[in-house]
Amino acid sequence: MAIVDMKKVFIIGMERDQEDILRYIQRFGRVEIADIHPETDPLGEGTLAADPHTGLERIQQQVESVRAAISFLAPYAEKQGGFLAPKPSKTLEEMRRLAEDPGELGDIVETVEGYTEALADIRTKRLQYTNLLEQVLPWERMDAPFGDIKATAHTQMAVGFISQEKWNEPDRESVPEDLYVEEVGSDQDMICVFTVYLTDSDAEEWLKDMGFSRTAFSGLEKTAAEHIAQYREELKGLSEREESIQNQAKELSENLEGLQGLYDALSVELSKAQSVRRMRRTDTTFLLRGWIPAQLIETFNDGLENTAEDIYTWYEEPAPDEDFPVLIDNPAMVRPFEFVTDLYSTPSAHGIDPNKIMAPFFFIFFGMMLSDGGYGAVLALVGGLALWKLRLKGTMARMAALLALGGISTLIWGALYGGWFGEWNFGGRVGPVWFNPMDDPIKTLIVCFAFGFIHIFVGMGVKAYQNIKAGRVLDALFDQGFWYVFLIGLVMLALPATAAVGKFMAIGGALGLILTQGRKQEGIVKKLLSGVMSLYDTTGFLSDILSYSRLFALGLATGVIASVINQLAAMLGGSWYGVILQVLILVGGHIFNILINLLGAFVHASRLQYIEFFGKFFEGGGKPFSPLSIKTKYVEVTDKKEAHAL
Amino acid sequence: MTGQVYAIIGAALAVGLAGMGSAIGVGIVGQAAAGVVSEDPDKFGQTLLLQALPGTQGIYGLLIGFIVMSKAGILGGAAPDMGQGLMILGACLPIAIVGLVSGIYQGKAAAAGVGLVAKRSEELGKAITFAVLVETYAVLALLASFLMVNGI
């Protein structure tokens, strides 16, 4: 339907023209370059893989280091312009020259790399000194230098810890004569002790009883206080170095915009270099295979002929079972809804693009679940303004347009139901165009189920269409036709006026299903049995329909919470601070309500498509079309030619 | 007058239990989301979306609670008699119970969805769908409670 026809394009050209041709393709922006596998593809026979010296790795490395430099400098840069600021613009030629010769920007990237390394070094050293400082700090009061703590001929000298508990025990008084022990500090619940004793005396026994754990400070010679001063000095020096680097980074961050331009310029080159890897070559020629939308072939060919003279091009249809990349083309009004389908899955190349059929349902359901005219106006305004002011592109533009369209639908449903910012009917002045769902919930539910019925039937209809198109007319009749007859019959049976006709339809449909649904089974018994079993699917259909009750329930949630906010606000008032509170509650409350129900409406409207609707016919798993094109993140390319509508 | 007691108990259960379900559910997803964001701060938006999903049960509960209050003589309407009060209490139970349970389980499903998004951020739609399937039953319970309260 709206999946664009793709053709394979083959180009054989001279190697000297390769660069120009790829630039042309990239600027054209609508050709996806595909791999050629010489093992499986006779075309690739005898060709060579791409020259490994095309500089792909070099560009990759460059892009990576520029990216690192940008993310390093970004926090230092002064924010300017904000969200609304237009992107700086550049021409393709400027970008190309920049990528070839980054000039002083290249030096800046190198400098920033140096900063990153220096900062990492500072971090490691700081950790090191902090650890040392923590170790030595408890010994600050000990005036013996660490280097002097060693054994002599007849004495032992040691430092270590004794737990506070043991230290405070009374039998500590019974210190042996030939032992000197001194408390020199404490560390959490340990006491730091310095001790001297005669070798082989009962002093060792005593220390053991006290749970003395000896510690050593290898490599330290001076007193603890001296070491502490030294470490503090080192740490201070590190902080100073860090600060000076940060100051320099702040100065360099003026070049952020230039670096961002360089990043984009290099990314464009990178995607081109990556495409070269997919191609094959001989000594003097290259071979390229790609995918192109069929309707663009002529424009593409015209431009290509102007780019190079010695070139041979031909086009082929994809093989019947070949999966081509999927590009979706829809009218502008449908395009925003592609966002919903894309969230689920790209349609399969041989399936159907559901967007056109899905769009009106999504539109209706979304509005029904918010169903407040005031909220609708706000959303339409926000979405419209975002679209208009921010000059959004791609997915963001689709989301904004979807918001605006959803707002319009919400506005319509708000008018139908008569709900405006949670006020029902405005005291009778603005009555509902249709009816107030709060007055007649059963009627509202019936409306919801009717929408569900139509939605599901349309989904089955699409499947029937696919079956017929594929030549399986009988499948369409058996699998969808009989269900139509059976289900419509059941509904008519429930209504007194049509009950008589409904009875025959239901019975006829059921018979048809019993006779046909087991047709893939073997043996008459199995066939009939699975035919009868298939009627059990009615319950699935019923639960699908019941699922549409959320259309009412979520609308109810929006409306009732909105009126709760209004009533809360109404309770205040009377005094000046009451009025301020009122305004705060009204504004804050309604914004909160819009946000939470916006999420609910979007998620549930999508879910009704994914589960109830797509489940009937949709085939996903397609590979999205990703052409070689000029994609930029920070810069607006002014002469990016986009003559084609797709 | 006595009927009002039961109506208030009903409203309190609807708001309280459904709110509990949402609080637990949102909490579960928040823990998973914070873990993912610590690795990849760009995933904040996507995971926040998933975290908001189990938040609706509490709102459904508040909604029923509010309708009961405006019906049973607290914010409007007349105080119900004993029988009506008990009926209102019964009508509040679906959203109270299902709100509690589905809030917790939706939270678990959404937390698993956070894990899915952490590995493959393009599959957000599927992660949302898994979690939203749980909510169906809270929606049905809300509807049942509403129709019952409305009918009394």
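What share of the contacts in chain B with a separation of 6 or more is accounted for by residues 24 or more positions apart? In this predicted model, the share comes to 84%. Chain B is a helical chain in this description, with 5 helices and 0 strands, and its elements follow one another from the N terminus as α-α-α-α-α. Taken along the principal axes, the C-alpha atoms of chain B fill a box of roughly 60 × 20 × 20 Å. Among the 152 residues of this chain, 55% count as buried.

Chain B meets chain A through a contact that takes 23 residues from chain B and 21 residues from chain A. On the chain A side, the elements that give two or more residues are helix H10 (338–344), helix H19 (550–571) and helix H20 (576–617). Of these, H19(A) provides the largest share, 9 residues. Sorted by class, the side of chain A that touches chain B holds 14 nonpolar, 5 polar and 2 charged residues.

Turning to chain A itself, the domain assignment gives four entries: domain 1 (1–50 + 278–327 + 625–646), domain 2 (53–132 + 225–274), domain 3 (144–222) and domain 4 (335–463 + 546–617). The centres of domain 1 and domain 4 of chain A, taken over C-alpha atoms, are separated by 43 Å. These two domains do touch, with 6 residues of domain 1 in contact with 7 residues of domain 4. The domain 1 side of that contact comprises 5 nonpolar residues, no polar ones and 1 charged residue.

A helix pair in chain A is also worth a look. Helix H12 (residues 373–389) and helix H13 (residues 394–417) of chain A pack with their axes 7 Å apart, at an angle of about 155°. Angles over 145 degrees count as roughly antiparallel, and H12(A) and H13(A) are therefore roughly antiparallel to each other. The crossing in which H12(A) passes H13(A) is left-handed. Residues that H12(A) brings to this contact include A:Gly373, A:Gly376, A:Ala380, A:Gly383, A:Gly384 and A:Leu387. By class, the contact of H12(A) with H13(A) divides into 15 nonpolar and 9 polar residues, with no charged ones.

Key
Residues are numbered from 1 along each chain as its sequence is written. Chains are lettered from A and ligands numbered from 1 in the order in which they are written. This is a predicted model: local features need pLDDT of at least 70, side-chain atom pairs count only at pLDDT 80 or more; totals for chains, interfaces and linings use all residues. Helices (H or I, at least four residues) and strands (E, at least two) are DSSP runs, numbered from the N terminus. Ala, Val, Leu, Ile, Met, Phe, Trp, Tyr, Cys and Pro count as nonpolar, Asp, Glu, Lys and Arg as charged, and the others, Gly among them, as polar. Axes are lines fitted to C-alpha atoms, for helices over the stretch in contact, and angles run from 0 to 180 degrees between N-to-C directions. Angles under 35 degrees count as roughly parallel, over 145 as roughly antiparallel, 65 to 115 as roughly perpendicular and the rest as oblique. A crossing is left-handed if the near helix is turned anticlockwise from the far one by less than a right angle, and right-handed if clockwise. Domain bounds come from an automatic or database domain assignment. A residue is buried if 20 or more other C-beta atoms lie within 10 Å of its own, exposed if 12 or fewer, and partly exposed in between; C-beta atoms are placed from the backbone.
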